[in-house]
Amino acid sequence: MNATDPVSNLAALIRCPSVTPAEGGALSLLDNLLSPLGFAVDRMVATEDGTPDVENLYARLGTDGPHLMFAGHTDVVPVGDEASWSHPPFAAEIAGGEMYGRGAVDMKGGIACFVAAIARHIEKHGKPQGSVSFLITGDEEGPSINGTSKLLEWAAAKGERWDACVVGEPTNPDQLGDMIKIGRRGSLSGRITVHGVQGHAAYPHLADNPIRGMLQLTQALMDPPFDNGTDNFQPSNLEVTTIDTGNAATNVIPARATASFNIRFNDTWTADTLRAEIIRRLDAAAADGALRPDRTPVNYEIVWADRPSHVFLTRNNALISSLSGAVADVTGLEPKLSTTGGTSDARFIKDYCPVVEFGLVGQTMHMVDERVAVADLETLTRIYETFIGRWFGHAATQ
């Protein structure tokens, strides 16, 4: 294979059926692409009780600083109904100027382009005056337990240190050059249980309907708004995602009701202050008798989900300006610096070095007929190649 060609790189990666947590041959392919370029490649398997083992890859070119990391994932989500695809999801067929396949944009395409970019840089200029590494996980689309976080810990324990990182997630909404992600909102989830008293619907005085209490609690979680947003982040937003009683009978008042929620929060909050605010709201709503006149306060309990994601914002000018400049050089566009969207593995990387995200257009990620414009693969490769030169050039002047 010619590692300088992002189209052939991506086609080969798509043909590896690496649905989380399967390696599917994708990491072996990257090993075969990177080793001839001079990268020292390590494959580590992360384990934890109750979760599937996950194989990950770390590759480094060079031994000195400055050290630039590219991070991404080769695992992909399931294809769904394969018969609904117009082209086989692991065939990497090209039609109408687009390559079809699961992972085409999320995010095997970004990996394919960065491999091509560093291969071209080496071909034209030799190895960078510093180090470049690839940190590639197989657990981004899954529970994210045996992936990037453990790979970072493993690499750091071996003495690895990084000065900056680019994550190749598909950040652009409409066209290449639209958007660079310079931070992410935090994410916190919980599950509320309201305990009532089961009874006959015709004799409500003998029962205590937990749904009435749950309505009070969920109303308090959604109104009023938590904040109005900040200079760098949109307003925090809480969504109730499930409400359930497990009750199939229409004439029985249930004994309990449960609700799950998730809040994406900005830098007004930390996970701890947000938990405290949610408890304050729930306690106040539990004492409100509007839907439960002459009743004691709602009997509720809350269980918080493990591993909240913390809000972060990257302010490293050398990293941001090098990438923004590369985008402008290649596309003529000035990318928006954004913190929108969900979480990514950047939430782990930010504890080790400054991190930004930039990749392909994400309109078809996780969809049937996920696909990428072949022309975008060449454009993204040129952006990454320009960025590599800009970033190491900037680092040399420091």
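E370 is buried, at a relative accessible area of 1% (buried means under 20% relative accessible area, exposed over 50%, and partly exposed in between, with a 1.4 Å probe and protein chains only). The side chain of E370 meets that of R102 in a salt bridge, 2.8 Å from N to O (a salt bridge being a side-chain nitrogen of Lys or Arg within 4 Å of a carboxyl oxygen of Asp or Glu). R102 is buried too, with a relative accessible area of 2%. The two partners sit 268 residues apart, E370 in the loop between β18 (355-357) and β19 (371-373), R102 in the loop between β5 (98-100) and α3. Helices (H or I, at least four residues) and strands (E, at least two) are DSSP runs numbered from the N terminus.

A word on the model itself. It is a predicted one, in which local features need pLDDT of at least 70 and side-chain atom pairs count only at pLDDT 80 or more, while totals for chains, interfaces and linings use all residues. Residues are numbered from 1 along each chain as its sequence is written, and side-chain values use heavy atoms, with hydrogens and water left out.

As for the overall picture, the protein has nine helices and 19 strands, and its C-alpha trace spans about 80 × 50 × 40 Å along the principal axes. Of its 398 residues, 52% count as buried. Among contacts (heavy atoms within 4.5 Å) with a separation of 6 or more, 80% join residues 24 or more positions apart.

Back to charges: the whole structure holds 17 salt bridges. One of them pairs E160 with R60 at 3.0 Å, N to O. Another bridge joins E385 and K124 at 2.9 Å, N to O, and links helix α9 (residues 374-396) to helix α3 across 261 residues. Here the ends contrast: E385 is buried at 13% relative accessibility, whereas K124 is exposed at 53%. Elsewhere, E23, D31, R43 and E55 are linked in a network of salt bridges.

K181 is buried yet has no salt bridge, and the nearest side chain of opposite charge, E357, is 5.9 Å away (Lys and Arg count as positive, Asp and Glu as negative; His and the chain ends are not counted). A polar atom of the K181 side chain does lie 3.0 Å from the backbone oxygen of T340. Leaving aside residues up to four places away in sequence, K181 touches T171, S338, T340, G341, V356 and E357.

On the greasy side, the largest nonpolar core has 60 residues, and L30, F39, F134, F358, Y384 and F387 have the most contacts inside it. Such a core is a set of buried Ala, Val, Leu, Ile, Met, Phe, Trp, Tyr and Cys residues joined through side-chain atoms within 4.5 Å. Helix α3 (residues 108-125) gives the largest share of this core, nine residues. A second, separate core of 25 residues includes L188, I192, L217 and I302.

The disulfide count (cysteine sulfur atoms paired within 2.5 Å) comes to zero. For C16, the nearest cysteine sulfur is that of C113, 16 Å away. For C353, the nearest is that of C165, at 5.2 Å. C353 is buried, with a relative accessible area of 6%.

Note on methods. A polar contact is a pair of N or O atoms within 3.5 Å; within protein, one must be able to donate a hydrogen and the other to accept it, and residues adjacent in sequence count only if both atoms are side-chain atoms.
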